[in-house]
Amino acid sequence: MKEASKIMYIIGKVFNIIGVFLYGFLIAFGIIVRQFAKEIYERRTPGATYTEADVRIVGTTLMVIGIVAIIVTLIILILASVAKSKLDNNRKDIAPHVLMIVIGVFGDLFYLLGGIFGIVAETSEKTE
């Protein structure tokens, strides 16, 4: 079970690293939208009701969402690394695995499974 947990954590971390790059593109897209807000506004379709300020707000919103998402993703990556390292410390540490189950419930199946396998590995190790 310990190896299964490690594999699930590794797969989850790979997806998070991919997410960091995608959120980076979101930030870059927000910057581009803000830089070219005037051109985007000037090429609007006839009858559109948005203003140049609205275009800038969209760009700013994309940047903020991307920055917050990168910060959350990096925190989750750190927590996954801690949980993975707790599997080999010869102590019964289930708190990191419970935390990864909670994170997994809110969006990442691999962290959910890694947390479950981690708890099973930690509890079965001590009973043997």
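Which helix is the place of Tyr-111? Tyr-111 belongs to helix H5, which covers residues 109-127. The model is predicted.

**Tyr-111 and its surroundings**

Tyr-111 has a relative accessibility of 0% and therefore counts as buried. Met-8 is 103 residues away in sequence, yet the C-alpha atoms of Tyr-111 and Met-8 are 6.4 Å apart. Beyond four places in sequence, Tyr-111 touches Tyr-9, Gly-12, Lys-13 and Asn-16, among others. Its contacts also include Ile-76, Leu-77 and Ala-80. Met-100, Ile-101, Ile-103 and Gly-104 are on the list too.

Helix H1 spans residues 2-35 and holds Lys-6. Is Lys-6 buried or exposed? The relative accessible area of Lys-6 is 15%, so this lysine is buried, the cut-off being under 20%. Setting aside neighbours within four places in sequence, Lys-6 is in contact with Lys-84, Leu-87 and Asp-88.

Ile-27 lies in helix H1 as well. Its relative accessibility is 17%, so Ile-27 also counts as buried. Ile-27 touches Met-63, Gly-66, Ile-67 and Ile-70, with residues up to four places away left out. Thr-61 is 34 residues from Ile-27 along the chain, and their C-alpha atoms are separated by 9.3 Å.

**Helix packing**

Two packed helices are described by the angle between their axes and the distance between the axes. The table gives both values for two pairs.

| Helix pair | Axis distance | Axis angle |
|---|---|---|
| H1 and H3 | within 8 Å | roughly 160 degrees |
| H3 and H4 | 9 Å | about 140 degrees |

The H1 and H3 axes cross at roughly 160 degrees. Because angles over 145 degrees count as roughly antiparallel, H1 is roughly antiparallel to H3. H1 passes H3 in a left-handed crossing. Helix H3 comprises residues 52-85.

Helix H4 comprises residues 95-105 and packs against H3 at about 140 degrees. That angle makes H3 oblique to H4. The crossing of H3 past H4 is left-handed. Which residues of H3 and H4 meet? On the H3 side they are Ile-76, Leu-79, Ala-80 and Ala-83. On the H4 side they are Pro-96, His-97, Leu-99, Met-100 and Ile-103.

**Aromatic pairs**

How many aromatic pairs does the structure hold? There are 3 aromatic pairs. In one of them, Phe-15 and Phe-110 have ring centres 5.4 Å apart and planes at 5 degrees, so the pair is stacked. Phe-15 lies in helix H1 and Phe-110 in helix H5, so this pair ties together parts that are 95 residues apart in sequence. Phe-15 is partly exposed at 47% relative accessibility. Phe-110 is partly exposed too, with a relative accessible area of 24%.

The rings of Tyr-41 and Tyr-50 have centres 6.5 Å apart. Their planes are at 70 degrees, so the pair is edge-to-face. Tyr-41 has 24% relative accessibility and counts as partly exposed. Tyr-50 is partly exposed, with a relative accessible area of 30%.

Conventions:
Residues numbered from 1 in each chain as written. Predicted model: local features only at pLDDT ≥ 70, side-chain atom pairs only at ≥ 80, totals over all residues. Heavy atoms only, no water. Helix = DSSP H or I, 4+ residues; strand = E, 2+ residues; numbered from the N terminus. Buried < 20%, exposed > 50% of the residue type's maximum accessible area, 1.4 Å probe, protein only. Contact = heavy atoms within 4.5 Å. Phe/Tyr/Trp six-rings, centres within 6.5 Å; stacked < 30°, edge-to-face > 60°. Axes fitted to C-alpha atoms, helices over the stretch in contact; angles between N-to-C directions. Parallel < 35°, antiparallel > 145°, perpendicular 65-115°, else oblique. Left-handed = near helix turned anticlockwise from the far one by under 90°.
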